[in-house]
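Here are a few notes to read alongside the structure. Take them one at a time, and find each part on screen as you go.

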Amino acid sequence: MPKSRQASPQPSESQDMPGGAAWLPHGYSVAPHVHQAGQLVYAATGTVTTTTARGTWVAPANRVTWTPPGFAHAHRFYGRTDARLLTVPVELCGELLEHPSVFAVGPLLREGLLALTGDRPEPRPGAHRRLLAVVIDELSDTPELSLHLPEATDDRLRAVTDLLHADPARPATLAELGRVAGAGERTLSRLFHSELGMGFHRWRTILRIHHALAHLADGMSVTDTAMACGWSNPSSFIDAFHEVVGQTPGSYQADLRYSRATAVP
């Protein structure tokens with residue numbers, strides 16, 4: 001999303017904390033920073049994006065973001081978000097992936113994350129650590145479901161992706177974008193696959209889904225979101241959203257409403 005992309009200013013060193021929770025307003029952002037330990041960020045309601053030099057990961061309320069130690073990253077939150085932050089000590093980070101990612105959140109993992117980031121006192125010495133071990137075990141057995149939008153380093157490719165970031169609904173073909181950016185269609189197509197690991201149409205679809213998640217979290221209707229993000233009709237948007245996110249836009253918004261209604265203030 002245009003506002004969530006960070007230009008890579010010098011990241012700050014952030015002091016690691018054991019965990020916490022806060023209600024954040026739509027559009028709240030956290031500047032680039034680095035943690036000495038690993039970090040899980042879970043939006044119990046709302047949506048969070050995590051941006052690194054490798055691209056942007058987006059996590060709606062049924063997913064959790066993972067950032068290993070040493071990765072400069074920034075966050076942005078969409079919709080009124082019940083944000084949960086959990087630090088993973090360095091000695092436990094080897095159990096998880098070595099790169100930023102997003103994982104599905106099942107019932108046990110959700111309850112573990114909520115308990116570890118809540119404000120209740122530790123019932124017995126070591127209880128926090130034991131519950132953290134359960135969370136890590138759950139993540140170790142959970143498939144990676146990254147809504148990852150990789151970013152280009154080649155100047156020609158970045159010129160094209162910048163045009164799409166500025167206007168994701170832009171209907172231009174790759175050849176038309178290439179003429180604006182000063183690069184040939186065949187060269188750009190090759191660069192999309194070699195640098196970003198996917199074709200032009202797939203990359204643009206994921207970019208549009210990122211924007212759609214933000215609009216839906218902010219209360220925009222499915223039809224208006226489809227039009228705002230570049231789909232010609234709601235049906236094609238619903239199909240693409242379901243294929244990428246794993247649920248329909250309507251069920252995603254219903255989950256957001258339910259989470260907000262049942263969340264503890």
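1. Let's begin with a term: a residue counts as buried when its relative accessible area is under 20%. In helix 7 (residues 200–217), 14 of the 18 residues are buried, so this helix is largely enclosed by the rest of the structure. Please keep in mind that this is a predicted model.

2. Staying with helix 7, its first and last C-alpha atoms are 26 Å apart, close to the 26 Å expected at 1.5 Å a residue. After the helix comes glycine 219, which has a positive phi near 95°.

3. Now look at strand 7 (residues 73–88), where 14 of 16 residues are buried. Strand 4 (residues 38–52) pairs with strand 7 in the antiparallel sense over twelve bridges, and threonine 49 stands opposite arginine 76. Strand 3 (residues 29–35) also runs antiparallel to strand 7, joined by three bridges; here valine 30 has histidine 75 as its bridge partner.

4. Next come the aromatic rings, with six pairs in the count. Tyrosine 28 and phenylalanine 77 have ring centres 6.3 Å apart and planes at 50°, so this pair is tilted. Tyrosine 28 lies in the loop between strands 2 and 3 and phenylalanine 77 in strand 7, so the pair ties together parts 49 residues apart in sequence. Tyrosine 28 is partly exposed, at 37%, whereas phenylalanine 77 is buried, at 4%.

5. Finally, Trp231, Phe237, Phe241 and Tyr252 make up one aromatic cluster. Both tryptophan 231 and phenylalanine 237 are buried. Arginine 208 lies over the face of tryptophan 231, at 5.9 Å from the ring centre.

Methods:
Residues are numbered from 1 along each chain as its sequence is written. This is a predicted model: local features need pLDDT of at least 70, side-chain atom pairs count only at pLDDT 80 or more; totals for chains, interfaces and linings use all residues. Side-chain values use heavy atoms; hydrogens and water are left out. Buried means under 20% relative accessible area, exposed over 50%, partly exposed in between (1.4 Å probe, protein chains only). Helices (H or I, at least four residues) and strands (E, at least two) are DSSP runs, numbered from the N terminus. Two strands pair if DSSP finds at least two bridges between them. The expected span of a helix is 1.5 Å times one less than its number of residues. Rings of Phe, Tyr and Trp (its six-membered ring) pair if their centres lie within 6.5 Å; planes under 30 degrees apart count as stacked, over 60 as edge-to-face and the rest as tilted. A charge sits over a ring if NZ of Lys or CZ of Arg is within 6 Å of the ring centre and within 35 degrees of the ring normal.
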